[in-house]
Amino acid sequence: MASHAANLWVLLGLGLAGILLMTKRLKKTIKADFGAFIQKLELLPPPQPAPPKAPHPLTNLNFAVSDVFDIEGFVTGFGHPDWLRTHEASSRTSPVVLALVEGGASCVGKTVVDELAYSIHGENKHYSTPTNPSAPARIPGGSSSGAAVAVAANFVDFSLGIDTLGGVRVPAAFCGVIGFRPSYGVVSHTGIIPVSSSLDTVGLFAKDPNILRRVGLVLLQLPFSVQRNPRQILLADDCFQLLKIPMDRVLQVVANSTEKHFGRQVLKHENLEKYFSSKVPSLKEFYSQKINVDSKISSIRLLTNVAQFLQRYEFKCMHEEWINSEKPVLDSAVSAQINETLDMTDKEIEICKSIRTEMRLAVNSLLKDDGILVIPTTAYPPPKLGSKEIFSEDYQNCMFSLLSIASISGCCQVTLPLGYHDKCPVSVSFIARHGGDRFLLDTVQTMYSSLQEHADTVAKSKLSHNAVNQEHSAEVAKEKGNQAYKDKQWQKAIGFYTEAIKLSGNNATYYSNRAAAYLELGSFLQAEADCTKAINLDKKNVKAYLRRGTAREMLGYYKEAIEDFRYALVLEPTNKRAALSAERLRKVFQ
């Protein structure tokens, strides 16, 4: 009995010791700063100018920078202690950091990045993985993990990172903050350790869209211009098929917010796979040089491989000599990619440049000056810490298929949080043409609050899969109607639009489009009725007012027609058709 009692006390003692040990480990893991910072420092802004001059634009804001930005007197660590050990302190501060400090913001520290800023996972065995404040059991995303965590945990107002193939967009999505990748080349890369010179872009994290815009305007040195609303918001249907959470969790939010601000008529659908296949012919030319191409490989998948080839090739050109001489201990996944044999001929490099040019032209042509492309930021929610999921082929393919679009085209992209699904952050991304940074930031500022409101509403609602499938089927019917209309098959188009209305009767666009087909057939009463229904559903549907004005003119309701054309002008002052029609009728009948 005595022996048994002694054994019991030993077991209890071991249990208590284990609990104490685990408690210590937990406290050590979740640090006071969530493991975001690698070094605290202080760069203070200059004194405020004397009145009547305006104060500095970033007054009272503080920020942190990823450990790839040079700061005078500090060694830039690049996410690895061997790099820190083998390099001297910087002799000058990165111009990007200086511009923000001179703009009135205070820099308070450097933050953790993945090893050599190469990965998108956010795990670093040398400095420990920063804790994701939005989902502590999940990875924070990388490469600029610490910068995202610092903003998510409210340690700073904004932070800077580096985005090569998602280094800002992924941690923004996983940590539930806003992440901005500006157009390639518009922000100086001087004083920043490069990862891949043709893909790298300085990126920005913030929680507040107003702060994002304030910092963005200083960062991009953009002149004042009148704010413009988007005239088309394109939903990339094939990209949303990659999502591992219900599509409606994102699509409903974007559609509702768009309808509130700009009217449902600006929402359109696009298949990027088909579009890029026709607009970026050099993609397959590259693969005819590198591998035996399967003609069934999608253009977006090919784009992914080109981006990864470019990253590896340019990284090795910059850093292979140091790696070979110092032989740093690297994470196995990073090491496998960096050390992979990769020989590129001059012709293949030229084809890559052609792909980048064609991609930029393709996206610019698709969006023009007033379009926004909507895609998921990431296909997957943030994986659990230590999960092998991040190494799976499907994870890699789906993630980089989405991330490569902006990286290769060089267009600007903003990642926006949309609440949570199954306790994990959800996000969506808006992309604008190369050079459309101000337009993108303005659109984000306009839509952000309503996006959050609708995200909360959708998260609380129980939208059935049947309802989502019906909406999707309705969109398919509408697209068939659009094609029939283009082919001048008016009756057939009416049939498809009618089918869409039966599936989803609260969509103003379906009624407005059917009205256009009725006008072509001379069925003016039906056209007027459909336009009235569309306007009741969407008070900002410019096309419905124009079409109803035309129908009423043909029916002899001239006063009402003039009112419709004039109201269309109120909604869209630059609409020439509305202006000409209103003036023509006014001269004749008033």
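**Close-up views of a predicted model**

**Figure 1. The buried residues of helix α19 line one face of the helix.** The buried residues of this helix are Ala-527, Glu-528, Asp-530, Cys-531, Ala-534 and Ile-535. Seen down the axis of α19, these buried residues fall within an arc of 165 degrees, and they therefore line one face. Their packing partners are α18 and α20. On the other side of α19, Leu-525 and Asn-536 are exposed.

**Figure 2. The second largest pocket holds about 690 Å³ of space.** Of the 25 residues in its lining, Lys-268, Glu-479, Asn-482, Lys-486 and Lys-543 are the closest to the centre of the pocket. Two or more lining residues are given by each of the strands β7 (232–236) and β8 (267–270) and the helices α16 (465–486), α18 (508–521) and α20 (542–555). With 6 residues, α16 provides the largest share of the lining. By residue class, the lining of this pocket divides into 9 charged, 9 polar and 7 nonpolar residues. Two of the elements in the lining, α18 and α20, are also those against which the buried residues of α19 pack.

**Figure 3. Ser-66 is a buried residue of strand β2.** The strand comprises residues 62–66. Ser-66 has a relative accessibility of 0%, and because buried means under 20%, Ser-66 counts as buried. Apart from residues up to four places away in sequence, Ser-66 touches Thr-111, Val-113, Ser-144, Ala-147, Leu-160 and Gly-161.

**Figure 4. Val-96 is a buried residue of helix α3.** Helix α3 is formed by residues 95–102. The relative accessibility of Val-96 is 5%, so Val-96 counts as buried. When its neighbours within four places in sequence are left aside, Val-96 is in contact with Leu-160, Val-187, Ser-188, Val-202 and Leu-219. The C-alpha atoms of Val-96 and Thr-190 are separated by 8.0 Å, although the two residues are 94 residues apart along the chain.

Methods
Residues numbered from 1 in each chain as written. Predicted model: local features only at pLDDT ≥ 70, side-chain atom pairs only at ≥ 80, totals over all residues. Heavy atoms only, no water. 1 Å grid on protein atoms, 1.4 Å probe; cavity = no way out; pocket = protein on both sides within 12 Å on 5 of 7 lines; lining within 4 Å. Points joined across faces, edges and corners; volume = space filled by probe spheres on them. Helix = DSSP H or I, 4+ residues; strand = E, 2+ residues; numbered from the N terminus. Nonpolar A, V, L, I, M, F, W, Y, C, P; charged D, E, K, R; others polar. Buried < 20%, exposed > 50% of the residue type's maximum accessible area, 1.4 Å probe, protein only. Arc of directions from axis to C-beta. Contact = heavy atoms within 4.5 Å.
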